Amino acid sequence: MKAASVCAVLLVSGASPAFAEPPSRAVAVLRPTTGHSVEGTVTFSRTAAGVRVQAHIAGLSPGRHGFHIHQFGDCRSGDGKSAGGHFNPTAQAHGAPGGAQRHTGDLGNIEAGADGVAKLDVVDARAAFEGRESILGRAVIIHAKADDLKSQPTGDAGGRVACGLIGVVKSE
Ligand code: CU
Ligand code: ZN
């Protein structure tokens, strides 16, 4: 009798929100910071290998631009600094997306062509939709300059030209 009631409790709790699947998709709509005209969309999808990141950004100067997830989902300040520093829940050094030492938010660079448009489609093994490395509710920042993938703590990527909050998208 006792075993049966424990089993019933487990069945009930299995349907509770605490055991729900994490979201499968998220999106950041990027808006320009003051004095810039960079905008675009970054979508995030959960895959077995990590989070797939697909970006389409316009209004950039040609060349490479630092592309990061920053700690706070707050794009209210005109310069983007309200988003805080790189999202770094594991207290590691700044680095490259594939590096052993990196911030979870270190997505490297996007590269714009002569038309100012940059596209990216990568799978990041570190970013997650749950747990301490969850990127949900944080912000995507695009920088004026390239991330050199080694200078501490920001990759020397310069000012912030666009910012967007990472929000959950309805599952398909
Ligand atoms: Cu950044
Ligand atoms: Zn970093």
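Arginine 52 stands opposite valine 123, a residue of strand S6. The model is a predicted one, in which local features need pLDDT of at least 70, side-chain atom pairs count only at pLDDT 80 or more, and totals for chains, interfaces and linings use all residues. Residues are numbered from 1 along each chain as its sequence is written, and chains are lettered from A and ligands numbered from 1 in the order in which they are written.

The protein comprises one helix and eight strands, these being DSSP runs (helices H or I, at least four residues; strands E, at least two) numbered from the N terminus. Along the sequence the order is α-β-β-β-β-β-β-β-β.

| Strands | Sense | Bridges |
|---|---|---|
| S2 (residues 39–47) and S3 (residues 50–58) | antiparallel | nine bridges |
| S3 and S6 (residues 118–124) | antiparallel | seven bridges |

S2 and S3 form a hairpin with two residues between them, and threonine 47 has glycine 50 in S3 as its bridge partner.

Lysine 145 lies in the loop between strand S7 (139–143) and strand S8 (160–168). Lysine 145 is partly exposed because it has 17 C-beta neighbours inside 10 Å; a residue is buried with 20 or more other C-beta atoms within 10 Å of its own, exposed with 12 or fewer, and partly exposed in between, the C-beta atoms being placed from the backbone. Of the 172 residues of the protein, 35% count as buried.

Beyond its neighbours within four places in sequence, lysine 145 is in contact with Gly66, Asp156, Ala157 and Gly158, contact meaning that C-beta atoms, placed from the backbone, lie within 7 Å.

Technical notes: Contact = placed C-beta atoms within 7 Å. Pairing = 2+ DSSP bridges.
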